[in-house]
Every structure is written in structure tokens, then in C-alpha cells.
Amino acid sequence: RVIITSVMLAAKFFDDQYFNNAYYAKVGGVPCVELNQLEVDFLFRVNFSLRVTTDDFFRYQGELSSHATAQSEGLPPLPLVKAPQEMGTACPPTAPTCSGGERIDDTQQYRPGGAVSGGGS
């Protein structure tokens, strides 16, 4: 779920034309409503900051490479670098909404063609 959400947000951040959330949900095997919630949660957790400095990129790349090397050699896993303090902000509790602002029923399921099925009542 983290990977598909990250890939979707990266595509939206870097590309002028990208697939809609329903496409990524289908590819990732995640219900569309859930992916929408994951997108909002991810953005709040990173404080809507999707840019990564070159220094940060190479620091995390080095940590991940060390971790992968240790795993392949049968060594115990190395602790990864902790994210900066401002990146740890919790997502405020909000009800997921559609583009029109109405509350989404959490029991709804996405179906191909954009149809939504299920629901509380």
C-alpha cells in the first residue's frame, strides 16, 4: 500500500499527465476509496512536502544499500535513519470525502467503470 501510494504521488508530482486514482487502485489491488484515503494520509504525514534534497536521497540510498547488503550476508538488520522531526506529524482525523465534499461511506467498494457498490444503508 505504501509503494502504490508513493508511486501514484510521484507520478502526480513529476508528470503533467498521469493516470487517475482508480487506475492505480486497480493495478495495486487496493480499493479506490482506500487508495484515496492513503493518499491524503501520506500527504499529511510528509507535511505535503514531496521534494527530496540530493543529500537526503543519497543518505537514504546509502542506508538502504547497507541494509540490503547486511540482509544478503545473513547479518542482523541495521536500523534505518529516522525521518526528520517535521516529517513525523500525524494525520489529523478527518472523514474521507469525495470531490464534492460529501462524506464517503467506508463500506463502499470500487468497481471498474467508476461505479461504487455496497454501502451502509
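Where is Asn47 placed? Select Asn47 and the stretch around it: this residue lies in the loop between helix 3 and helix 4 (54-72). The tour returns there at the end.

The model is a predicted one, in which local features need pLDDT of at least 70 and side-chain atom pairs count only at pLDDT 80 or more, while totals for chains, interfaces and linings use all residues. Residues are numbered from 1 along each chain as its sequence is written, and side-chain values use heavy atoms, with hydrogens and water left out.

**Whole chain**

Show the protein chain as a cartoon. Four helices and two strands are present, and along the sequence they follow the pattern α-α-α-α-β-β. Helices (H or I, at least four residues) and strands (E, at least two) are DSSP runs, numbered from the N terminus. Of the 121 residues, 16% count as buried; buried means under 20% relative accessible area, exposed over 50%, and partly exposed in between (1.4 Å probe, protein chains only). Switch to a surface: the chain exposes about 8,900 Å², of which carbon and sulfur atoms supply 57%. Such areas come from the Shrake-Rupley method with a 1.4 Å probe, and for residues only the protein chains shown count as cover. Among contacts (heavy atoms within 4.5 Å) between residues at least 6 apart in sequence, 40% join residues at least 24 apart.

**Helix 1 with helix 2**

Select residues 2-14 and 21-28, which are helix 1 and helix 2. They pack at an angle of about 150°, and their axes are 10 Å apart. Axes are lines fitted to C-alpha atoms, for helices over the stretch in contact, and angles run from 0 to 180 degrees between N-to-C directions. The pair is therefore roughly antiparallel; angles under 35 degrees count as roughly parallel, over 145 as roughly antiparallel, 65 to 115 as roughly perpendicular and the rest as oblique. Show side chains next: helix 1 contributes Ile4, Val7, Met8, Ala11 and Lys12 to the contact, and helix 2 contributes Asn21, Tyr24 and Gly28. By class these are five nonpolar, two polar and one charged residues. Here Ala, Val, Leu, Ile, Met, Phe, Trp, Tyr, Cys and Pro count as nonpolar, Asp, Glu, Lys and Arg as charged, and the others, Gly among them, as polar.

**Helix 1 with helix 3**

On the helix 1 side are Ile4, Thr5, Ser6, Met8, Leu9 and Lys12; on the helix 3 side, Leu35, Leu38, Glu39, Phe42 and Leu43. This contact divides into seven nonpolar, two polar and two charged residues.

Centre on Thr5. Thr5 counts as buried, at 3% relative accessibility. Beyond residues up to four places away in sequence, Thr5 touches Leu35, Leu38, Glu39 and Phe42.

Move to Ile4, also in helix 1. Ile4 is buried, with a relative accessible area of 14%. Leaving aside neighbours within four places, Ile4 is in contact with Tyr24, Gly28, Val30 and Leu35. A distance drawn from Ile4 to Leu38, C-alpha to C-alpha, reads 9.6 Å across 34 residues of sequence.

**Back to the loop**

Most residues other than glycine have a negative phi. Asn47, not a glycine, has a positive phi of about 55°, and at 49% relative accessibility counts as partly exposed. Select Phe48, in the loop between helix 3 and helix 4: phi there is positive too, near 60°.
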